[in-house]
Amino acid sequence: MEVLQVLHMNKGDGETSYAKNSTVQSKIISITKPAMEEAIGILWGNVPHDHETIGIADLGCSSGPNSLAVISEIMDIIYAKCRNLGRPSPEFRVSLNDLPGNDFNSIFESLPDFFKKLEKDKGVGFGLCFVSCVAGSFYNRLFPSKSLHFVHSSSSLHWLSQVPPSLQSNTCKVLNKGKIYISKSSPECVLDAYSVQFQKDFSVFLKSRAQEMVPGGHMVLSFMGRRTTDPTTEESCHQLELLANALMSMVSEGLVEEEKVDSFNIPYYAPCPEELKLEIQKQGSFVVDRLEAFEIDWDGGFEDMNCPLGAASRGQRVAKTIRAVVESMVEYHFGKNIMDDLFRRYADLVEDHLYKKGTKYINLVLSIIRKS
């Protein structure tokens, strides 16, 4: 499976779309706001008073309401800093990045309303905003040298550039039988393969951004992770363990070939803080300003019962959230026909699990500064 070509969030605004099922991601963005405010405060204090433009990038922007909401939040923070310091608002060069399969058209369609709202809310004193979309992997260079002041990424860096090569070789030996990610029953070589792939990817990510950012520039990154060094902990992998169980229930009924499950591995990794700090230290271009872990409900703590989604069970809400994120990969490997049945089974398993245990996601928020 070529991640660059296959991975994308569900497009459009239908029942299973990412636009309608990204409450968890929105919650994570709101939790990240204090880190963004602190980072921009430090950054803006170091930017020359006569600086006319600022380069901002959102990596893994996806589509739907969260895409422009986070950019609006960043510009609001900068605008408030400028007013407090008595400085004019700069012009904003905003770059929205995601993989080529992303629903960029929906972003383009929402830009006129976005600009109208900016003009209405901020008035003539607000700097001009120029928005562009950049298709490509953030595990490569994306922008000119020293063109970015602030980089944001939310709910994206847990995706790997590829499935670890040793797990998708054509050898007859199945390394992670009946599983689609790390689990308690996974052999050590599977854990190591995922860890090594993350280390390689994160190192390339840091190297690429180091070339693109100005000295003193800030990055605020948030992604799924874990608090412990043990990658098999429930808080980092159990949501995918349940999806594997749903697939295996279909295998037991002859609806899915077992070989199909054995050959499917999710290009995902939930790191621990120690892994992040180690790679940042090894790469050498950034210094850690802030690193925190937060708990997030699997359904984002959804409370609006007046909304149709709010009337669904927790299991159904979680299943819709996960489906909106992973369906492109699952459908590519298993085919479209099983999707509805698979995620109905998954919803039931999640509902049972949350009733018994109530596991939460762990989200890591990392703020780092480009060394001078």
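This is a predicted model: local features need pLDDT of at least 70, side-chain atom pairs count only at pLDDT 80 or more; totals for chains, interfaces and linings use all residues.

Residues are numbered from 1 along each chain as its sequence is written, and side-chain values use heavy atoms, with hydrogens and water left out.

I start with the sheet. Two strands count as paired if DSSP finds at least two bridges between them. On that basis there is an open sheet of seven strands, in the order 3-2-1-4-5-7-6, and its pairing is mixed. Strand 3 and strand 6, residues 286–297, are at the edges with a single partner strand each, so one side of each has no neighbour in the sheet. From one strand to the next the twist averages 15°. For angles, axes are lines fitted to C-alpha atoms, for helices over the stretch in contact, and the angles run from 0 to 180 degrees between N-to-C directions.

Now the parallel end. Strand 1, residues 53–59, pairs with strand 2 in the parallel sense over seven bridges. I54 stands opposite F92 in strand 2. Between these two strands the chain passes through helix 3, residues 65–85, and the β-α-β crossover is right-handed. Right-handed means that, with the strands pointing away from the viewer, the path from the first strand over the helix to the second runs clockwise. On to the next pair: strand 2 and strand 3, residues 129–135, are also joined by seven bridges in the parallel sense, and V94 stands opposite V131 in strand 3.

How much of strand 2 is covered? Six of the eight residues in strand 2, residues 91–98, are buried. Buried means under 20% relative accessible area, exposed means over 50%, and partly exposed is in between, with a 1.4 Å probe and protein chains only. R93, in strand 2, counts as partly exposed because its relative accessibility is 33%. Contact, from here on, means heavy atoms within 4.5 Å. Leaving aside neighbours within four places in sequence, R93 is in contact with T53, I54, G55, I56, F130, S147 and H149. R93 and A57 are 36 residues apart in sequence, and their C-alpha atoms are 8.3 Å apart.

At the other end, strand 6 and strand 7, residues 360–370, run antiparallel and are joined by 11 bridges. There R290 has S367 in strand 7 as its bridge partner. Helix 8, residues 273–283, packs on the sheet and touches strand 5 (213–224), strand 6 and strand 7; it makes about 160° with the direction of strand 6.

Helix 4, residues 104–122, lies across strand 2 and strand 3, at about 170° to strand 3. E119 is in helix 4, and counts as exposed because its relative accessibility is 62%. E119 and S203 are 84 residues apart in sequence and 40 Å apart in space, C-alpha to C-alpha.

Next, the cores. A nonpolar core is a set of buried Ala, Val, Leu, Ile, Met, Phe, Trp, Tyr and Cys residues joined through side-chain atoms within 4.5 Å. The largest has 82 residues, and those with the most contacts inside it are Y181, F202, F205, M219, V326, L342 and Y346. Another core lies apart from it, with 33 residues, among them I56, I74, M75 and L118.

How many disulfides does the whole structure hold? A search finds zero, a disulfide being a pair of cysteine sulfur atoms within 2.5 Å. For C133, the nearest cysteine sulfur is that of C61, 6.0 Å away. C133 counts as partly exposed, at 22% relative accessibility. For C237, the nearest is that of C272, 13 Å away, and C237 counts as buried at 4%.

Last, two backbone points. Most residues other than glycine have a negative phi. S62, in the loop between strand 1 and helix 3, has a positive phi, near 60°. S155 also has a positive phi, near 55°, and is placed in the loop between strand 4 (148–154) and helix 5 (188–212). Buried or exposed? S62 counts as buried at 5% relative accessibility, and S155 counts as buried at 15%.

Technical notes:
Helices (H or I, at least four residues) and strands (E, at least two) are DSSP runs, numbered from the N terminus.
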